[in-house]
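Let's take a walk through this model together, one neighbourhood at a time. Have a look around first, and then we'll start with a single pair of residues.

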Amino acid sequence: MKGLFKNNFLAVWTNVKFFLLFMLAMGIAVIIIPDQTWQMYFIIIGIAGLAVNAATVIESEFSSKWGKYKLILPVKRIDIVRSLYLNQLLWITAGVFFVGIVIALSCLLHGVPFEQFEGVSGVVVIGISISLTMSAIFIPVIYLAGEDKTIVFLIISLLCAIGIAAMLFNMPSGPFILTGCSVLLFIASFPLTVSIFRKKEY
Amino acid sequence: MENILELQQVSKRFPGSDFALENVTFSLPYGSILGFVGENGAGKTTTIGCILNTITKDSGTVKLFGKEMTDADTDMREKIGVVYDGDNFPVYWTAAQLAKVMAGFYKQWDNILFQKFLKEYKLPANQKIKQYSRGMTMKLAIAVALSHHPQLLILDEATGGLDPVVRDGMLDTFLDFVQEEDHSVLLSSHITGDLEKVADYITFIHNGKLIMTVSKNDLVYNYAVMRCRENQFPALDPADIITYRKRDFQIDVLVSDYKTMQRKYKDIVTDRASVDEIFLLLVRGEHV
């Protein structure tokens, strides 16, 4: 698993550097200017953006024979899939920490711009749920439909995740339902991907 | 002699494709190099996929180190080094980053040996792989495949598209590798000249079917091509003919016993044949 984590981290790091620079600039703006709308977008983009970057690991593997090569390394197929899901969780957590620090700094300087604390946590829930749902859809679909369509499926998965979040969030107890659904989807997606990947031939 | 690799009646069909691998059977003894020859699309990569479990075979058995390898046999994969044709690794990595990743996969990863290979092959450790030439990427793949001390090296068209100097260096590396008696190499290639230099055995495959497996010495010393005129051909004993091919006013006949044929057919010119010529006659020749 150590090799898989190193591999995933290197693959994500190649893409994420530019995104982090952008988020850093956006973060500075959010700290300086206390604006609720800016903060909302910053939270959602920060968390979901890192999850999207993490998901591109799969694409980068199939631009060379590395995806096939990994199968002859001393790792099980289930561990390859597990490492992808853990990689998603890792970067979503990193996103939550990153936006958390920026929002905390902004609140320290200017106070809480949201009308109530639930406002901030609600936006964080949306960011996490979009990320989990997007990952839950994208990973099995990409193994099922082919790695050459990564970008298309990434966009479709992200749009589906945003749609699901928008539908569920405004229901009574929406944040709880949304969180529950996205977590369940993410968990259910793992064995599905494993079963798809076990039959995959390269 | 014990075998490091054994294939018995391995078959594989692909839905929606006419191609099928049919009952492929061969073995690779310890301490030897087996050349796996076939034209593009003959089934070499499919066979290697079945050996390495990247493709699920429909039937037959593949034994590595005496047992069938499953997905759970990670220890067995520690003992196998593989080189595919083309980009084996993400091109945005450097060799130094690749070494760190590989150290996380292989218990026996030998970074000192890897650095030695980088130096020997003149591969810059901190240059991105995408800036390497094709020869350099293949050398890197071989360095990686050898740096975890494998016993079995599997090379799928690893020497294709390389210039003769680089190819020659690689072949020397394979010969060094099999100096250890528990080491073996499966070298898939359509460059038969390479195999003539290093292989102990040669297996010919065509259209998914195995034509034959034969020792290189047998090919070099016993196989021959008789250059018959059209009027001489009917007089040949059909039992002597493996395949034949008409060429203008001459018929080339592949035979497997050079000395006997020379004695038996004194008025027919009989030449020793190259692996290339034997392969062409096997694939494109007709049977009696």
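This is a predicted model: local features need pLDDT of at least 70, side-chain atom pairs count only at pLDDT 80 or more; totals for chains, interfaces and linings use all residues.

Strand β11 (residues 224–229) of chain B and β14(B) pair in the antiparallel sense over four bridges. Strands here are DSSP E runs of at least two residues, helices are H or I runs of at least four, and both are numbered from the N terminus. Two strands count as paired if DSSP finds at least two bridges between them. In general, strands of a sheet pair through backbone hydrogen bonds, either parallel or antiparallel.

The open sheet here has four strands in the order β12-β13-β11-β14 of chain B, with antiparallel pairing. At its edges sit β12 (243–247) and β14 (269–272) of chain B, each pairing on one side only. Ignoring direction, neighbouring strands of this sheet are turned by 25° against each other on average. Helix α10 (residues 275–284) of chain B lies across β11, β12 and β13 (250–255) of chain B, and runs at about 95° to β12(B). For such angles, axes are lines fitted to C-alpha atoms, for helices over the stretch in contact, and the values run from 0 to 180 degrees between N-to-C directions.

Elsewhere in chain B, strand β1 (residues 3–13) runs antiparallel to strand β4 (residues 59–64), joined by five bridges. Here B:Glu6 stands opposite B:Lys63 in β4(B). β4(B) is also joined by two bridges to strand β5 (residues 67–68) of chain B, again antiparallel, and B:Leu64 stands opposite B:Lys67. These two strands, β4(B) and β5(B), form a hairpin with two residues between them, and B:Phe65 in the turn has a positive phi of about 55°.

Next, find B:Phe26 in strand β2 (residues 20–29) of chain B. Is B:Phe26 buried or exposed? B:Phe26 is buried because 21 other C-beta atoms lie within 10 Å (20 or more make a residue buried, 12 or fewer exposed, and anything in between partly exposed, with C-beta atoms placed from the backbone). Not counting residues up to four places away in sequence, B:Phe26 touches B:Leu7, B:Thr203, B:Leu210 and B:Thr213. Touching, or contact, means that the C-beta atoms of two residues, placed from the backbone, lie within 7 Å.

Over in chain A, helix α1 (residues 2–32) and helix α5 (residues 77–110) pack at an angle of about 20°, with their axes 11 Å apart. They are therefore roughly parallel to each other (angles under 35 degrees count as roughly parallel, over 145 as roughly antiparallel, 65 to 115 as roughly perpendicular and the rest as oblique).

Finally, how do the chains meet? 28 residues of chain B are in contact with 23 residues of chain A. On the chain B side, α3(B) gives the most, with six residues.

Note on methods: Residues are numbered from 1 along each chain as its sequence is written. Chains are lettered from A and ligands numbered from 1 in the order in which they are written.
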